[in-house]
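Here are some notes on how the two chains meet, written with your own checks in mind. Have a look at the model first, then read on.

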2 protein chains.
Amino acid sequence: MKNVKYGKCIRCGKTYEAVPDLTVCECGGILDIIYDYDYIKTRLTKEVLAKRDQRTMWRYRELLPVEESTELPPLRVGWSPLYEEPRLAEQLGLKRLWVKDDGQNPTASLKDRASAMAVAKAREAGAKVIACSSTGNAASSLAGNAAAAGLETYIFVPSRAPKGKVAQLMTFGATVISVQGSYEDTFELSKAAIDRWGWYNRNAAINPYLSEGKKTVALEIMEQLNWEVPDYIAISVGDGCTIAGLWKGLKDLHAIGLIDRLPRLISAQAEGCCPLNRAIETGKPWHPMEENTLADSIAVGVPRNAEKALHAIRESRGLTVNVSDEEIMAAQKLLGKTCGVFGEPAGVTGAAGVKKLCEAGVIGREDTVVSVVTGNGLKDVANAIAACGDPITIPGNMERLLEAFAEKGIAVK
Amino acid sequence: MKNVKYGKCIRCGKTYEAVPDLTVCECGGILDIIYDYDYIKTRLTKEVLAKRDQRTMWRYRELLPVEESTELPPLRVGWSPLYEEPRLAEQLGLKRLWVKDDGQNPTASLKDRASAMAVAKAREAGAKVIACSSTGNAASSLAGNAAAAGLETYIFVPSRAPKGKVAQLMTFGATVISVQGSYEDTFELSKAAIDRWGWYNRNAAINPYLSEGKKTVALEIMEQLNWEVPDYIAISVGDGCTIAGLWKGLKDLHAIGLIDRLPRLISAQAEGCCPLNRAIETGKPWHPMEENTLADSIAVGVPRNAEKALHAIRESRGLTVNVSDEEIMAAQKLLGKTCGVFGEPAGVTGAAGVKKLCEAGVIGREDTVVSVVTGNGLKDVANAIAACGDPITIPGNMERLLEAFAEKGIAVK
């Protein structure tokens, strides 16, 4: 790869050749992929991009750690819509607001970006099997992207994962192991199995290429904004890999001169599980927390990518915000009703955070904000059903309809 | 609209000015929108399209019945991926096979194409409220597209509609009326309410513009195939509007010279509810049927757009195929495992039909086929869960994993 120099440990600084099955440093630290920006600068410009037809995450190939000869995975991942939301901006009291709907990916979450990258690298490694542990979205995205590419998958999920996510990945032909325990237990068993059988590893905090896939969400946001940098980008945070990837993408663009400043990150976590935000807020090292939130995709008590995530939030002079489950479900309805975007609970946690920061007066009239929705609400309808209540239910006649409207106080226009 | 001549009754031939709130003919017949192809031919060419940046259904605006000044609805509808599937083609014994994944739309079904059109026309009509009856997908797509555009919705669903679909549309802020009865009862109540309150009508067999939205799936397929016409296009059929729209799009392209021949349609219905296919197969008028299939989106015993659908199938020298619920669920797993595409039961019924026709030797080695997946599997996980069975469920330790693999006969590579 002419564009990649090496993998570098974020803890001890040791460097490693960027082989396809790169994992962690011998010191246990997570690796970061280091690019040759001088080389990339000569290849990837705004003009080059403007002429490029491809509308997937792979349109930024110069900034991605894949060989030029690597066959790309089949599913159409990335280039999700970025909607400007003037009515919601008005309602929240923001200058401008955009929603990036990453639920519009093949398996309906941002994780497709990482899984597509995993499939590309597994192909480079000559692997036939990929494995991971996941709260759900990484699992189904890996299963889908691997199935499309003809690769086998072994997937470890905590037994609390919503049935819809499990059904989705089983439909993709994955061998699924549901672990009766926490995400931590699930992760450890997957690690042991991967070590034992030598499968290609798609655990996001171990495989340094996955953040590089996720960073494409940042590249797209900036290109879709015509390179005009917003003040803030808000996103939900669980394991820490996604916000780290987001920041990496922004720093890449800054390094090659496609943007002239960096936005501040808004790290949104659930009140019941916010070990990373708590570390930022207290200035102390992070400590494990219970996983008390219905936002299952970010219910991560032991974040595996804490270092990169904390670094990203701090380096961006980021804001932290912790929201209750009620605030999350209110944000789901708000985005649905105002924007026509249906996000899963973890998917709308960033937007819940933006709302809370607006109400607290931390951000407001002078600020421009992008809120990333990381997964589709159809992934977890049980919570949406609970939040919505029941529809008006009647037999098929007009008298009963009029009665029902009257009872509910609906004044029909 | 310079490109539109008028609406014309498909039964009696009477023509109507193409006003935004056009419904049915005074004779009860459904209208068809008639275009000025000579005018359109001078505007829409392959070269013009190749240079066009927009990747939504609206890139074909010259072939769509909207005023040039109409503000388009906000959600990104259309330009869903068309995947070539060489492995599945090989397995089924086809020359070439493509899957058009229309579950990759904002609310996860092809119906977004019709709902986006409804929103555009409602805006032209100056309406603030849109209503419809639906087995589910039209409902949630209308709710989502209308919410994004700031319009109110009243939606009538049969009480058997899957909870996920209902939760989705309630999250979009719709007023939902769940009717204890058949789709027919639901439709009649919605019609009465629309007449009473003068809401904009998004019932597909009444509003002639909706097929025009749906036809964009055909326009995209042909452009994505670089205008090389396949032998067959397969799609599931319920109310009849979708296959009628598909055919309309193909005929449009033929009329303006963008394609030089027409494919044959494959009309796939559920064995337990196939009134349209039965009419074709017996050569007799269609008769209502029970709604005995788990593919809820096509469980339509009284198809509201029978005439247009039957005409489309016949004119294309189309094939009919009726599949059992077991064949539908097998197709869901086949598409998931081989293509990484997760379709809802009705969504994969077209593919189930293709498989059945291949096995019967009706189509084969000489044939090229496009199969349209009309909705995302996440819309109805209950059936997927039932079809998939349970995952391997164990506590988090390696001994139990080895035992479980041994029990299930899984030989790990």
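Which side chains meet in a salt bridge at 2.9 Å, N to O? The points below start there.

1. **Salt bridges.** The pair is A:Arg55 and B:Asp53, whose side chains meet at 2.9 Å, N to O. Between chain B and chain A the count is two salt bridges; the term asks for a side-chain nitrogen of Lys or Arg within 4 Å of a carboxyl oxygen of Asp or Glu.

2. **Ground rules.** The model is predicted, so local features need pLDDT of at least 70 and side-chain atom pairs count only at pLDDT 80 or more, while totals for chains, interfaces and linings use all residues. Residues are numbered from 1 along each chain as its sequence is written, chains are lettered from A and ligands numbered from 1 in the order in which they are written, and side-chain values use heavy atoms, with hydrogens and water left out.

3. **Extent of the interface.** The contact (heavy atoms within 4.5 Å) takes 75 residues from chain A and 75 residues from chain B. Together the chains bury about 6,400 Å², 64% of it on carbon and sulfur atoms; this is the accessible area (1.4 Å probe) that the two parts lose on being put together, summed over both. In chain B, the residues that lose the most area to chain A are B:Arg76, B:Thr171 and B:Leu378, together 11% of what that side buries.

4. β14(A) runs parallel to strand β8 (residues 175–180) of chain B, paired over four bridges. Strands here are DSSP runs (E, at least two residues), numbered from the N terminus, and two of them pair if DSSP finds at least two bridges between them. The open sheet has five strands in the order β14(A)-β8(B)-β7(B)-β6(B)-β9(B), with parallel pairing. At its edges stand β14 (392–395) of chain A and β9 (200–201) of chain B, each with a single partner strand, so one side of each has no neighbour in the sheet.

5. **Matching surfaces.** The copies meet through the same surface, because 100% of the interface residues of chain B are also interface residues in chain A.
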